[in-house]
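Reader: I want to learn how to read a helical model, feature by feature. Please show me the structure and take me through it.

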Amino acid sequence: MENNAFDVKPQIDSSTNTNPLDPEEFKRQGYMMVDFLADYYRNVSNYPVLSQVEPNYLRKLLPKSAPFDPQPIETILQDIQKVIIPGITHWMSPNFYAYFIGNASTAGFVGEMLSTGLNVCGFTWVASPAATEIQSIVMDWLAQELKLPETFLFSGNGGGVVLNTTCEAILCTLVAAREKVLNQVGKDKITKLVVYASDQTHCALQKAALIAGIHPENFRVIKTNKSTSFALSPESLLSTILVDIENGLIP
């Protein structure tokens, strides 16, 4: 595209309903969005999986500052089709074979719409009893499906929470382990803590260790080999831990 897709500012009628929670406007825009996404999935296999745009293409198409006036949903959807879709790597394409499979579903879309629409903030039981209790129940279901010990269930004084990403879960797990050890040895010993991983572990663990305050030199990478299908060797892990203990470090 040679011209800025946002050069022309649409004129907003002064009678336009700007109530962010107007039920009728929500219904109208909601139908349009569902139609837009349905058309996208109907045609996604026709797009090149890997985007064909050049780096910084979008900066040339977007205005230099945030727009002052709102735009109608019709214009927004046109802009998305014209400007955003060409810059997407289409994970949901049936021709996409990299990283991991597309994991979206109709149930996921509808469930997310319901969750967003109810706008529940479930940070305590009283803030939303249903949200707190359904999470506890579903997490117990998951633990049972994984055949985890009773101590992992809420009913067994365990329990867990739903997190947004694997990386977030890794960080939370690492922070929990850090705090458990520091409560035993003293907060001032954080520079002596050591984290262990195999050379097949995702880099998210090393990043999480850095965020959690683990010294970069205290991140141990244990070598694996083909003969054990690249599994972490208990013997190699133990020998590495023993050396660290001898040197005054804390696994």
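Author: Start with contact, which means heavy atoms within 4.5 Å. Helices (H or I, at least four residues) are DSSP runs, numbered from the N terminus; strands (E, at least two) are DSSP runs too. This is a predicted model, where local features need pLDDT of at least 70, side-chain atom pairs count only at pLDDT 80 or more, and totals for chains, interfaces and linings use all residues. Residues are numbered from 1 along each chain as its sequence is written, and side-chain values use heavy atoms, with hydrogens and water left out.

Reader: Which residues in α1 and α2 meet?

Author: From α1 come Arg28, Gln29, Met32, Met33 and Phe36. They meet Ile73, Glu74, Leu77, Ile80 and Gln81 in α2. By class, the contact of α1 with α2 has six nonpolar, two polar and two charged residues. Here Ala, Val, Leu, Ile, Met, Phe, Trp, Tyr, Cys and Pro count as nonpolar, Asp, Glu, Lys and Arg as charged, and the others, Gly among them, as polar. An α-helix has 3.6 residues a turn, so residues three or four places apart point the same way.

Reader: At what angle do α1 and α2 pack, and how far apart are their axes?

Author: Two packed helices are described by the angle between their axes and the distance between the axes. Axes are lines fitted to C-alpha atoms, for helices over the stretch in contact, and angles run from 0 to 180 degrees between N-to-C directions. For α1 and α2 the angle is about 15 degrees, with the axes 11 Å apart. The two helices are therefore roughly parallel to each other. The cut-offs: under 35 degrees is roughly parallel, over 145 roughly antiparallel, 65 to 115 roughly perpendicular, and the rest oblique. The crossing of α1 past α2 is right-handed. A crossing is right-handed if the near helix is turned clockwise from the far one by less than a right angle, and left-handed if anticlockwise.

Reader: Now α5 and α6. At what angle do they pack?

Author: Helix α5 (residues 166-185) packs on helix α6 (residues 204-211) at about 50 degrees, with axes 9 Å apart. That makes α5 oblique to α6. Again, α5 passes α6 in a right-handed crossing. Cys167, Ile170, Leu171 and Leu174 in α5 meet Ala204, Leu205, Ala208, Ala209 and Ile211 in α6. This contact has nine nonpolar residues, no polar and no charged ones.

Reader: How many residues of α3 are buried?

Author: First the scale: buried means under 20% relative accessible area, exposed over 50%, partly exposed in between (1.4 Å probe, protein chains only). Of the 13 residues of α3, zero are buried, so the helix lies largely in the open.

Reader: What span should α3 have?

Author: The expected span is 1.5 Å times one less than the number of residues. For α3 (residues 106-118) that gives 18 Å, and the end C-alpha atoms are 18 Å apart, which agrees. Helix α7 (residues 234-246) has 13 residues and reaches 18 Å, close to the 18 Å expected.

Reader: Which residues come just after these helices with a positive phi?

Author: Just after α3, Asn119 has a phi of about 50 degrees. Just after α7, Gly248 has about 80 degrees.

Reader: What phi does Asn56 take, and where does the residue sit?

Author: Asn56 is not a glycine, yet its phi is positive, about 70 degrees. Asn56 lies in the loop between α1 (23-43) and α2. At 57% relative accessible area, Asn56 is exposed. Asn157, in the loop between α4 (129-145) and α5, has a positive phi of about 65 degrees. Asn157 is exposed too, at 78%.

Reader: Last, which residues does Ile88 touch?

Author: Ile88 is in the loop between α2 (73-84) and α3. Not counting residues up to four places away in sequence, Ile88 touches Tyr40, Val49 and Ser51. Ile88 and Leu50 are 38 residues apart in sequence but 7.4 Å apart in space, C-alpha to C-alpha. At 27% relative accessibility, Ile88 is partly exposed.
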